[in-house]
Amino acid sequence: MSTSTLHTAIGSARVSSTPNRAALAAVLLAGALISAVAAFAIAPAASAPTAEADPALTRLLQGMALIKLAFVAAMAGLVIWRFGRPVSRPVAAGYLFSVWTVTAATVLIWQSVWLGAASLLFHGAAFAFLVLALRDDRILPPGLNRPPVS
């Protein structure tokens, strides 16, 4: 994915009063697909010995990966919904990169490869997403104000 495509999608969202949700959603989903395929391609084929050595552990890890996939879908849905309102380039890039990172980490966990790094990637990106969403003033629907912080 070229940076000009990302700048075009995010740039149009920044300039216009109504962002191009379809373009940003396409960038989000294409990037998630690319990150999943890249994680699958670069990971060594080390999951086969793990599956043979301990099939119960493999089933547990794959079950955890399915739960994490539900989190990825929820994050992607929230980001697509958020792209329906004006968004700045840094905020949009933060949302995109965090979803792409948790997608790649989920694939690595499914494959039982580099579990420590995959866990750090997943939880780090999820935490970054949470911090970004909590700091985003436009994440709440219009008319719903954030309670004052004391």
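How many salt bridges does a search of the whole structure find?

## The salt bridge

The search turns up one; a salt bridge here is a side-chain nitrogen of Lys or Arg within 4 Å of a carboxyl oxygen of Asp or Glu. The partners are Arg82 and Asp136, whose side chains meet at 2.7 Å, N to O. Arg82 sits in helix α4 (residues 55-82) and Asp136 in the segment after α6, so the pair ties together parts that are 54 residues apart in sequence. Both residues are buried (under 20% relative accessible area, with a 1.4 Å probe and protein chains only).

## About the model

This is a predicted model, where local features need pLDDT of at least 70 and side-chain atom pairs count only at pLDDT 80 or more, while totals for chains, interfaces and linings use all residues. Residues are numbered from 1 along each chain as its sequence is written, and side-chain values use heavy atoms, leaving out hydrogens and water.

## Two helices side by side

Now look at α5 (residues 89-110) and α6 (residues 115-135): they pack at about 155°, with axes 8 Å apart. That makes α5 roughly antiparallel to α6 (angles over 145 degrees count as such). Helices here are DSSP runs of H or I, at least four residues long, numbered from the N terminus.

Where they touch (heavy atoms within 4.5 Å), α5 residues including Val91, Tyr95 and Ser98 meet α6 residues including Leu121, Ala125 and Phe129. By class, this contact has 15 nonpolar, four polar and no charged residues.

## Zooming in on Ser98

Ser98 belongs to α5, and counts as buried because its relative accessibility is 6%. Leaving aside residues up to four places away in sequence, Ser98 touches Met75, Ala125 and Phe129.

Definitions and conventions. Axes fitted to C-alpha atoms, helices over the stretch in contact; angles between N-to-C directions. Parallel < 35°, antiparallel > 145°, perpendicular 65-115°, else oblique. Nonpolar A, V, L, I, M, F, W, Y, C, P; charged D, E, K, R; others polar. Buried < 20%, exposed > 50% of the residue type's maximum accessible area, 1.4 Å probe, protein only.
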